[in-house]
Amino acid sequence: MDETEFWELVDATRDAAEGDPEEQADLLVDRLLALDPDMVLDFSRHFEARFNRAYTWDLWGAAWILLDGASDDAFDFFRCWLIGQGREVYEGGVHDPDSLADLLADFDEEIDGDGEELGYAADEAYEQLTGTVAPDLGIPPAAAEPLGPPVELENDRVLAERYPKLWERFRG
């Protein structure tokens with residue numbers, strides 16, 4: 001599975017789920033079950049690499065604003081959700097987290113921002129296909145700490161200055 005096929009699966013399931021991340025995860029498992037186990041592992045590698053790449057302080061600050069606070073777990077789930085939003089939103093958000101103010105059509109804290117189940121979709125499909133737990137993916141592990149300079153997440157003034165568009169749209 002190449003990168004284009006990865007994003008096509010993400011986009012197709014998001015569109016079919018009408019943006020509901022739990023429904024998207026269920027649909028993703030269904031789509032992955034139609035593939036062979038090696039393709040499911042390829043999908044998992046793509047997902048995990050993007051999940052790890054999004055482990056930055058800058059993106060955590062954006063998640064903090066959107067979610068009105070984000071613990072370690074909430075940020076993990078946010079990164080899964082961000083991948084589920086598709087290539088344009090994901091790449092834009094990783095490159096310039098403040099651009100999420102322009103890239104997100106809407107954001108509902110009750111539904112959006114939590115893609116926990118998306119993070120397990122490939123593992124679930126692999127287990128259903130093979131009856132075994134997915135093997136090590138052979139990709140470098142995530143960094144121990146988020147990349148980039150730390151953000152004072154609990155300082156509203158700092159957040160408003162660092163993410164002016166997000167702050168104005170979602171907190172202003």
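This briefing describes aromatic ring pairs and charges placed over rings in one structure. The model is predicted, so local features need pLDDT of at least 70 and side-chain atom pairs count only at pLDDT 80 or more, whereas totals for chains, interfaces and linings use all residues. Residues are numbered from 1 along each chain as its sequence is written, and side-chain values use heavy atoms, with hydrogens and water left out.

**Aromatic pairs**
- A search of the whole structure finds 10 aromatic pairs, a pair being two rings of Phe, Tyr or Trp (its six-membered ring) with centres within 6.5 Å, called stacked with planes under 30 degrees apart, edge-to-face over 60 and tilted for the rest.
- Phe 6 and Trp 7 form an edge-to-face pair, because their ring centres are 4.9 Å apart and their planes stand at 75 degrees.
- Trp 57 and Trp 60 are stacked, since their ring centres are 5.3 Å apart and their planes lie at 10 degrees.
- Phe 6, Trp 7, Phe 43, Phe 47 and Tyr 90 are linked by ring pairs into a cluster.

**Setting of the paired residues**
- Phe 6 is buried at 0% relative accessibility and Trp 7 is buried at 3%, where buried means under 20% relative accessible area (1.4 Å probe, protein chains only).
- Trp 57, with a relative accessible area of 15%, is buried, and Trp 60 is buried at 7%.
- Both Trp 57 and Trp 60 belong to helix H4 (residues 57-67), where they are three residues apart, about one turn of the helix; helices are DSSP runs (H or I, at least four residues), numbered from the N terminus.

**Charge over rings**
- The charged end of Arg 79 sits over the ring of Phe 51, 3.8 Å from its centre, the criterion being CZ of Arg or NZ of Lys within 6 Å of the ring centre and within 35 degrees of the ring normal.
- Arg 79 also lies over the face of Phe 75, at 5.0 Å from the ring centre.

Methods
Buried means under 20% relative accessible area, exposed over 50%, partly exposed in between (1.4 Å probe, protein chains only). Helices (H or I, at least four residues) and strands (E, at least two) are DSSP runs, numbered from the N terminus.
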